[in-house]
Each structure stands twice: as structure tokens, then as C-alpha cells.
Amino acid sequence: MLAVEKHLTARMYRYCVGNMPRRGIEDARRNVERWARSGDCKYFVKLDIRHFYQTVKLDKLSAMMHDTIKDRRFMAVMDQIIYSSAEPGAEVPAGLAIGYYSSPWLANFYLGPLDRYITDQLVKTRRGKRIRIVKHYLRYVDDLLLQGNSKTDLKRAVKKIMQFAGRELGLEVKACWEICEVGELLPPDGSGRMKLKPGTKRIDIVGYCFTRTNTTVRARNFLRVRRLLRLIVRRLTRERRMTLRSAQAAVSRLGWFSHADSRFFLQKYVQPFIDVGFMKEVISYASKNGIVREAAGVYCRPVNGKGGYHILHERGAAAA
């Protein structure tokens, strides 16, 4: 994949994100947030491909790869990878293997024609000029986000996308889609709560919820972090220890909130109970002392009058 990376990325759409270097969740969040706050698009629609990996046509994928890569020895190995998950005796082999390092690359490459169709061919003519029906388009693996200023244009675009995906790629786009207006937060009411403008919705994609004025973390991720933090506090209070796995998970997931408008969450639910810097110290201590077992626990001692902890020593996975 390192040998063929530049050939695949050269044919990929710029805002095709996910499972590629420098094109992850943070790149998607930054661009969707910029589009939502610019105010140049009023409506959006989200699409999802049904059972994407299981319905990829392997013959079609192999032909596309052969058109791009001319090295026979390389393609002999690539064909073995592509067809490794095909059912014996199937007339039209389908189903890309899940779990291979190459699968996300091949999946993004397979959807390249769909990206080019949306960006280049979904146009209308006005006063002799070609205007794109979809003003902003982002694809996170098999999740598609389309933004525009006309409900009619977006509806027509969705129908054409569904037809193209089925005719050219053998994929089915789920029919449960809805064209919504990009939400905007209203000023706080008497209770101090901020609500969305009636009839509008948040753009929910890549784990974040976007409006014209702010970015928040998806509720499901919020609950996961709250439960994890309660578990960490309970272990520190009762057992005076922290597992390496919990520290790594907390630092990783709290990174979501550092890129969102979540100051209130951090002030109310995180800072009074746990110190993120201390969890980073636990991870650093484990790394320096060769503690690689996820179930290993690090004993801690509370600091008098400060509400923090000091690291004492580690406990092995067997004892934990």
C-alpha cells in the first residue's frame, strides 16, 4: 500500500476523508465546521450506503485497479487480496474483506467515480454558466454529506446519486434520508438554556454535531466519556489505582472535547474530579517503565489538600 499510495490518492476527491494519512476525523471536523459557519449553504442531507463493504463488486474493483496500476506482479498480489473474501462459485464476487489494512484504501478508491460524478456532473445551467447543484460535499467512508441552497436541487441530486451508485457501482443508498435546514442556536432563555431555531437540525457526522454557531460532541460519545470518568474516579477512591487502559481511553476520548465548544462539560464533569495531566503522567510512567499490559494498574497516593494523586508503583496484569 505504501508503494501504490500516491497513485490511489491522486485519483481521490479532496474531501474524501477517513482511514488515510492527514485525512481523518479532525480534517473532516475542520471543514464541516467551516462550511456550517460560513452561512453560504442553507440546507444539507446525509446519505449512507447500505452494507457497503459487503456489496462491493470485486470484479469492478479489480478492473478499476488494473486501469490504474500496470505492474503485473503487483496486480497479481492485489487480486489475491481483493478476491480473498469472495465466496466460491459466486457468479459476481462481492464483498470486500473487513479488517485488512488495504480494505479502507480500496473502499475509498472504489467510490472515486461517485465522488467525481457528484462534483463534476451534478450541475445546472443558469445564464450560460454551469453551476454545481451540490455546493459542499464530504464523504467519510460510506457516509455522504451534501450541502446546498435549494431543497429542490438537493432532492434531484440525491435521486441521481442513488441511480448512479446502483447502475455503475452496484451499491444501494439507504432511502431513509431527509433534507434539513442547518441549525442555528437561539439566545439563552430565562433558564439559561440555548435551543435550536425551530425547524432546523444539527449536522451530525464524524462524531460531532455542527450548527451555524457552535460544534458539540455527539451525545453517545458524551455518555461514554462520563461513564469512563466515573469508573476512573471510583477506582482511585476505593483502590487507589488507575489502569493503563482507562488512562489511555480517557485521554484519547477527551481529545474530542478539546476540538468542540465543550468548555462547560470540562468545567463541570472533568476538572473537579480528575486531572487530565495526571492521566498523561500515568501513560508516560507506564511507557518509561515498560508497562505495556492494558490490564496493568498504577498505584497512586492522594496529595493532601490538593485533590490530586502521586504515582507510587505499578501492579501487574495478573494481580489486577
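# Notebook: a predicted protein chain

**Entry 1. Ala 247.** I began with Ala 247 and recorded it as buried, since its relative accessibility is 0%. The model I am reading is a predicted one. I located Ala 247 in helix H10, which covers residues 244-258. I then listed what Ala 247 touches beyond four places in sequence, and found Met 242, Met 279, Val 282 and Ile 283. For one of these, Met 279, I looked up the spacing: it lies 32 residues from Ala 247 along the chain, yet their C-alpha atoms are separated by 5.3 Å.

**Entry 2. The whole chain.** I next looked up the overall figures. The protein chain has 12 helices and 14 strands. Its C-alpha atoms fill a box of roughly 75 × 60 × 30 Å along the principal axes. Of its 320 residues, 42% count as buried. I also noted that, among contacts with a separation of 6 or more, 64% join residues 24 or more positions apart.

**Entry 3. The nonpolar cores.** I recalled a general point before looking: in soluble globular proteins, nonpolar side chains tend to be buried together. Which residues of the largest nonpolar core touch the most other members? I found Phe 52, Leu 61, Met 65 and Leu 146, in a core of 48 residues. The elements giving two or more residues to this core are strand E2 (43-48), helices H3 (52-55), H4 (58-68), H5 (72-82), H6 (103-110) and H7 (112-121), strand E6, and helix H8 (151-169). The largest share, 7 residues, comes from H8. I also noted a second, separate core of 35 residues, which includes Val 217, Leu 254, Ala 260 and Val 298.

I followed Leu 146 further. Leaving out residues up to four places away in sequence, Leu 146 touches Tyr 43, Phe 44, Val 45, Leu 47, Val 134, His 136, Tyr 137, Leu 154 and Ile 161.

**Entry 4. Helices H4 and H6.** I looked up how these two helices cross. Their axes come within 10 Å and cross at roughly 85°. Angles of 65 to 115 degrees count as roughly perpendicular, and H4 and H6 are therefore roughly perpendicular to each other. On the H4 side I listed Lys 60, Leu 61, Met 64, Met 65 and Thr 68, which meet Leu 106, Phe 109 and Tyr 110 in H6.

**Entry 5. Helix H7.** I asked which residues of H7 are buried. They are Gly 112, Leu 114, Asp 115, Tyr 117, Ile 118 and Thr 119. What covers these buried residues includes strand E1 (16-17), H6, strand E4 (129-132), E5, E6 and H8.

**Entry 6. Helix H9 and Arg 240.** I checked the span of H9. The helix has 20 residues and reaches 29 Å from its first C-alpha to its last, close to the 28 Å expected at 1.5 Å a residue. Its buried residues are Asn 221, Val 225, Arg 226, Leu 228, Leu 229, Ile 232 and Leu 236.

Just after H9, I came to Arg 240, which takes a positive phi of about 55°. I noted this value because most residues other than glycine have a negative phi. Arg 240 sits in the loop between helix H9 (219-238) and strand E12 (241-243). Is Arg 240 buried or partly exposed? I recorded it as partly exposed, because its relative accessible area is 32%, and buried means under 20%.

**Entry 7. Val 141.** I found another positive phi at Val 141, near 60°. Val 141 lies in the loop between strand E5 (136-140) and strand E6 (143-148). At 12% relative accessibility, Val 141 counts as buried.

Entry 8. Thr 211 is in the loop between strand E10 (208-210) and strand E11 (215-217), and is buried at a relative accessible area of 0%. Its side chain makes a polar contact of 2.6 Å with the side chain of Asn 214. Beyond four places in sequence, Thr 211 is in contact with Ala 36, Arg 37, Gly 183, Leu 185, Leu 196 and Arg 202.

Leu 196 belongs to the loop between strand E7 (180-182) and strand E8 (200-201). With its neighbours within four places left aside, Leu 196 contacts Gly 183, Glu 184, Leu 185, Leu 186, Lys 201, Arg 202 and Thr 211. I also looked up Leu 196 against Leu 154: they are 42 residues apart in sequence, and their C-alpha atoms are 23 Å apart in space.

Note on methods:
Residues are numbered from 1 along each chain as its sequence is written. This is a predicted model: local features need pLDDT of at least 70, side-chain atom pairs count only at pLDDT 80 or more; totals for chains, interfaces and linings use all residues. Side-chain values use heavy atoms; hydrogens and water are left out. Helices (H or I, at least four residues) and strands (E, at least two) are DSSP runs, numbered from the N terminus. Buried means under 20% relative accessible area, exposed over 50%, partly exposed in between (1.4 Å probe, protein chains only). A nonpolar core is a set of buried Ala, Val, Leu, Ile, Met, Phe, Trp, Tyr and Cys residues joined through side-chain atoms within 4.5 Å. Contact means heavy atoms within 4.5 Å. A polar contact is a pair of N or O atoms within 3.5 Å; within protein, one must be able to donate a hydrogen and the other to accept it, and residues adjacent in sequence count only if both atoms are side-chain atoms. The expected span of a helix is 1.5 Å times one less than its number of residues. Axes are lines fitted to C-alpha atoms, for helices over the stretch in contact, and angles run from 0 to 180 degrees between N-to-C directions. Angles under 35 degrees count as roughly parallel, over 145 as roughly antiparallel, 65 to 115 as roughly perpendicular and the rest as oblique.
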